[in-house]
Amino acid sequence: MKPKTRQYIREYKWSNILAMIKNNGRDPQFCPDGCKGKNVVITGATSGIGYTTARKFASKGANLVCVNRNPEKSERLRQEIEGEFGVSCAYKIADLSSLSDIFRVAKELAELEAPLDVIIHNAGNYLTKQELTAEGFDKVLVVHYLSSFIMNYLWQDKLKAQPQARIILVSSEGHRFAAWGLDLDDLNWARRRYTGLQSYGSAKTAQLLAMLCFEERFRDSGVTINTMHPGAVKSDTGQDNGPLYRWFKRNFFDKTLRSPEVSAEALYYLGVSKDLDGVSGKFFNLTTEEEPSPPARDREVAWQLWDTSLSMAGLKNDVEK
Ligand SMILES: NC(=O)c1ccc[n+]([C@@H]2O[C@H](COP(=O)([O-])OP(=O)(O)OC[C@H]3O[C@@H](n4cnc5c(N)ncnc54)[C@H](OP(=O)(O)O)[C@@H]3O)[C@@H](O)[C@H]2O)c1
């Protein structure tokens with residue numbers, strides 16, 4: 001047994017699992033405040049949680065910059081939101097599994113003169129069969145994790161120059177599927193059997209670990225970064241899988257799920273409520289703080305992952321800057 005596995009087994013607490021089960025049934029906190037004129041970035045705003053969240057922020061006066069992969073859906077969303085709420089709903093088209101698209105859109109947003117007040121990294125996918133990106137990386141890892149890592153990394157200077165910014169990573173209780181932690185030597189599942197749950201759990205664990213590093217780097221600035229589980233809600237997730245999976249999802253899973261309105265309510269609270277002023281480096285189940293699994297709290301692995309991620313992305317480490 002690897003030393004880290006032994007360490008994690010010692011750190012697991014049943015009370016955290018019981019808290020998660022209890023919190024899964026709770027409603028999110030409600031934020032009554034508006035956010036007129038705030039600029040809100042949402043990735044994957046064309047369906048499910050991202051779509052409902054975009055509508056929620058727009059209904060409270062926020063201007064949106066959405067990062068989506070589908071031009072037709074994006075244009076429909078823009079017309080719907082601008083027509084209904086009278087705010088701006090700009091969009092950038094990017095496939096967040098493509099490093100060149102991620103870098104392009106990250107640079108375009110970094111160059112905006114307007115501040116990025118709230119950033120919601122939401123785009124995600126669930127693949128029962130592995131797909132690799134053009135660069136040979138696990139697609140689930142790149143869409144959920146590496147894309148947000150690169151964007152946050154490239155936006156550091158811009159965000160730190162602002163009076164405040166809130167970054168929220170839409171993570172998942174599913175990070176607990178990566179029960180024995182990340183294998184930094186095999187993040188792309190070349191040497192281990194790929195399963196949808198393991199790949200998903202690892203990507204979400206990676207998000208949580210990156211949050212720890214960014215939280216350290218943003219200390220003493222107005223930037224906070226938090227992660228959240230958006231509830232088990234009905235969305236289009238898993239549509240890229242085969243007909244059997246989709247049939248089961250439609251006829252069984254979907255019937256047990258909540259409305260994505262609860263996710264939008266929670267994300268609005270985390271993005272706007274004064275209760276969250278200065279709160280950073282935390283994981284919320286909707287709006288209730290929880291302790292993530294031991295592998296997702298391991299700062300030593302977090303900084304190793306930081307270096308691995310920089311090298312995957314071809315970025316230079318600016319820690320000594
Ligand atoms: N639903 C749940 O119960 C649940 C639970 C825990 C966590 N989450 C997390 O919540 C987030 C949103 O998921 P959802 O349930 O709302 O799923 P969804 O309805 O499938 O929405 C996913 C969004 O991400 C976009 N997207 C997927 N792959 C992309 C790519 N390569 N490049 C750019 N955009 C891409 C999708 O675009 P298209 O519209 O073009 O497909 C869509 O806008 C994910 O991070 C997911 O892991 C969901």
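Hi everyone, and thanks for coming. Before anything else, please keep in mind that this is a predicted model.

Let's begin with the whole chain. The protein chain carries ten helices and eight strands. A compact globule of 321 residues would have a radius of gyration near 20 Å, and the 18 Å of the protein chain agrees with that. Along the principal axes, the C-alpha atoms fill a box of roughly 60 × 55 × 40 Å. As for burial, 46% of the 321 residues count as buried.

Now to the ligand. Which residues come nearest to the ligand? Out of 29 residues around it, they are Gly44, Gly48, Leu96, Gly124 and Ser235. By residue class, the shell holds 17 polar residues, eight nonpolar and four charged. Two helices, α3 (48-59) and α6 (139-161), each supply at least two residues of that shell. The most comes from α3, which gives three.

Since α6 has come up, let's stay with it. This helix has 23 residues and reaches 32 Å from its first C-alpha to its last, close to the 33 Å expected at 1.5 Å a residue. There is a bend in α6 of about 55° at Trp155. Is α6 enclosed or in the open? Of its 23 residues, 17 are buried, so α6 is largely enclosed by the rest of the structure.

Next, please find α8, residues 243-256. A kink of about 45° is centred on Lys249 in α8. How many of the 14 residues of α8 are buried? The number is zero, so α8 lies largely in the open.

Arg76 sits in helix α4, residues 71-85. With 12 other C-beta atoms within 10 Å, Arg76 is exposed, because 12 or fewer is the cut-off for that class. From Arg76 to Ile49 there are 27 residues in sequence and 17 Å in space, C-alpha to C-alpha.

That's my tour, and I'm happy to take questions.

Note on methods: Residues numbered from 1 in each chain as written. Predicted model: local features only at pLDDT ≥ 70, side-chain atom pairs only at ≥ 80, totals over all residues. Near = placed C-beta within 6 Å. Helix = DSSP H or I, 4+ residues; strand = E, 2+ residues; numbered from the N terminus. Nonpolar A, V, L, I, M, F, W, Y, C, P; charged D, E, K, R; others polar. Bend = angle between axes of the 7 residues up to and from the residue. Buried ≥ 20, exposed ≤ 12 C-beta atoms within 10 Å, placed from the backbone. Rg over C-alpha atoms; globule rule 2.2 N^0.38 Å. Expected span 1.5 Å × (residues − 1).
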